[in-house]
Amino acid sequence: MTTIEAVAAVILKDAKVLATQRGEGSNKGGWEFPGGKVKPGESPEYALEREIHEELDAAITVGEYLTSAENDYEGGHLVTHCYLCTLDSDHVVLSEHSAARWLDRESLDDVNWLPVDSAVRHVLKHGDLL
């Protein structure tokens, strides 16, 4: 089974976290923390900065590591490393997502999270970040 290493940005602002809805692919409509695959030779932090620039046309500051989550799917095993991040400005353009929402602790369950992201949602809901 192939293992794919990915990263996700847990972008925090005013006790809320940014969630994005997939606009295409097999997981279309599912909600996630933005991010993507780590390319060979990239650090997780660099991959995260690159992915957020590609997906949201935004610059972020990558902070501390939060957690990792894993999930098996058709064709492989996904390991996603999640980092606390902040946007460098309020400029965000959705290029790969159909929607975005800022969620607080009470609204974290209002969206249909993809499996890996649901595990991260659990960490946020029961932690002290929101």
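## Terms and model

A residue counts as buried under 20% relative accessible area, as exposed over 50%, and as partly exposed in between, with a 1.4 Å probe and protein chains only. The model is predicted, so local features need pLDDT of at least 70 and side-chain atom pairs count only at pLDDT 80 or more, while totals for chains, interfaces and linings use all residues. Residues are numbered from 1 along each chain as its sequence is written, and side-chain values use heavy atoms, with hydrogens and water left out.

Helices (H or I, at least four residues) and strands (E, at least two) are DSSP runs, numbered from the N terminus.

## Residues with positive phi

Most residues other than glycine have a negative phi. Asp 14, although not a glycine, has a positive phi of about 50°. Asp 14 sits in the loop between β1 (3–13) and β2 (16–22) and is exposed, at a relative accessible area of 65%.

Asp 57 is not a glycine either, and has a positive phi of about 50°. Asp 57 belongs to the loop between α1 (44–56) and β5. With 37% relative accessibility, Asp 57 is partly exposed.

## Aromatic pairs

A pair of aromatic rings is described by the distance of the centres and the angle of the planes. Rings of Phe, Tyr and Trp (its six-membered ring) pair if their centres lie within 6.5 Å; planes under 30 degrees apart count as stacked, over 60 as edge-to-face and the rest as tilted. By this rule there are two aromatic pairs. Phe 33 and Trp 113 make a stacked pair, 4.6 Å centre to centre with 25° between the planes. Phe 33 is in the loop between β3 (31–32) and β4 (35–37) and Trp 113 in the loop between β7 (97–103) and α2 (115–125), so this pair ties together parts that are 80 residues apart in sequence. Phe 33 is buried at 2% relative accessible area, and Trp 113 is buried at 9%.

Tyr 65 and Tyr 83 make an edge-to-face pair, 5.7 Å centre to centre with 75° between the planes. Tyr 65 is in strand β5 (residues 60–73) and Tyr 83 in strand β6 (residues 76–87), so the pair ties together parts that are 18 residues apart in sequence. Tyr 65 is partly exposed, with a relative accessible area of 44%, whereas Tyr 83 is buried at 8%.

Thr 67 lies in strand β5 and is buried, at 18% relative accessibility. Contact means heavy atoms within 4.5 Å. Leaving out residues up to four places away in sequence, Thr 67 touches Thr 80, His 81, Cys 82, Val 120 and Val 123.
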